[in-house]
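Open the structure in your viewer and keep the selection panel at hand. The stops below say what to select next and what is there.

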Amino acid sequence: MAELVHDPVIGYRVGFERDGDDLIINTWADPGGGPPPHVHPNGDEIFTIEKGQVEFLVGRKKVVANPGDELVVPAGTRHGFTNIGAEEAVFKAVVRPEKSKLGGEGFFRETAAAAQKGMYTKRGVPKGFRAAMHLMGILERYQDFALISNPPPAVQRMLFPLAHRFN
C-alpha cells in the first residue's frame, strides 16, 4: 500500500491497493468523519467493517454497520457514510470494477489537496467561486469514477465548461 492520503475536512485517511480491475480503499475514519453523498457510476462499492461503527446512507435508507458487517452499494446508487462511534473506524471499500480513465486514487488525492487548502466545508460546499471552479474541474476529470449528489450530476455537467475558464 502506498502512502496514505489525508483529508482533514472529510475526516479520514485512505490508502490504496489494486486487485485486477478492483480498487481497494483502506479507510481510517475519525469520529464524525465521512464524505457527502456521492455515486460511483461505473462500479459497485463493497464495504467491510473491521473496527468501529459506521452509519451508511444508501439511496434514502440509513444502515448501521459494525465489525464483520459487509455492505454492497450497487453502481449508480447514492451513498455516503459517517463514523458514528467515539473511536476511529477502520474498513475496506472495494470499487468493483474501477475502470476510470485517470484512476480513483487521483480523485482522493486531488480532493484531499483541496481540503488541505481549505477550499470546502465538511458538507462538501466550496468556500467561494474559485474553490467551486477548482472542485468542478476535479469532478469533471473524475466523473467516470465519482459524482457528488449536490448539485445534481446533470447540473454539474452543465458547469464543467465554465470551470475550464478558471482552471
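**Stop 1**

Select β2 and strand β3 (residues 22-29): eight bridges join them, and they run antiparallel. Two strands pair if DSSP finds at least two bridges between them.

A word on the model before moving on. It is predicted: local features need pLDDT of at least 70, side-chain atom pairs count only at pLDDT 80 or more, and totals for chains, interfaces and linings use all residues. Residues are numbered from 1 along each chain as its sequence is written, and side-chain values use heavy atoms, with hydrogens and water left out.

Stay on β3 and pick Ile25, the bridge partner of Phe16. Next, go to the hairpin of β2 and β3. Two residues sit between the strands, and Gly20 has a positive phi near 65°.

Three bridges join β1 to strand β2 (residues 12-19), and the two run antiparallel. Val5 is opposite Val14 in β2. This pair also forms a hairpin, with four residues between the strands. In its turn, Gly11 takes a positive phi of about 85°.

**Stop 1: the nonpolar core**

A nonpolar core is a set of buried Ala, Val, Leu, Ile, Met, Phe, Trp, Tyr and Cys residues joined through side-chain atoms within 4.5 Å. Buried means under 20% relative accessible area, exposed over 50%, and partly exposed in between (1.4 Å probe, protein chains only).

Select Ile25, Phe47, Phe56, Phe81, Phe107, Phe108 and Phe145. These have the most contacts inside the largest nonpolar core, which holds 41 residues. Elements that give two or more residues to this core include β2, β3, β5 (44-51), β10 (89-96) and α1 (104-116). Which element gives the largest share of this core? Helix α2 does, with seven residues.

Zoom in on Phe81. Leaving aside neighbours within four places in sequence, its contacts (heavy atoms within 4.5 Å) include Tyr12, Thr27, Phe47, Phe56 and Phe91.

**Stop 2: helix α2**

Select residues 129-141. Colour by accessibility: buried residues in α2 include Met133, Leu135, Met136, Ile138 and Leu139.

**Stop 3: salt bridges**

Side chains of opposite charge can pair when their charged atoms come close. A salt bridge is a side-chain nitrogen of Lys or Arg within 4 Å of a carboxyl oxygen of Asp or Glu. The structure holds eight.

Select Lys92 and Glu17. Their side chains meet in a salt bridge at 4.0 Å, N to O. Lys92 lies in strand β10 and Glu17 in strand β2, so the pair ties together parts 75 residues apart in sequence. Lys92 is partly exposed at 30% relative accessibility, and Glu17 is partly exposed at 31%.

Finish on Arg18. Its side chain meets that of Glu98 in a salt bridge at 2.3 Å, N to O. Arg18 is in strand β2 and Glu98 in the loop between β10 and α1, so this pair ties together parts 80 residues apart in sequence. Glu105 and Arg18 also meet in a salt bridge, at 3.3 Å, N to O. Glu105 lies in helix α1, 87 residues from Arg18. Which of them are buried or partly exposed? Arg18 is partly exposed at 40%, Glu98 is buried at 6%, and Glu105 is buried at 18%.
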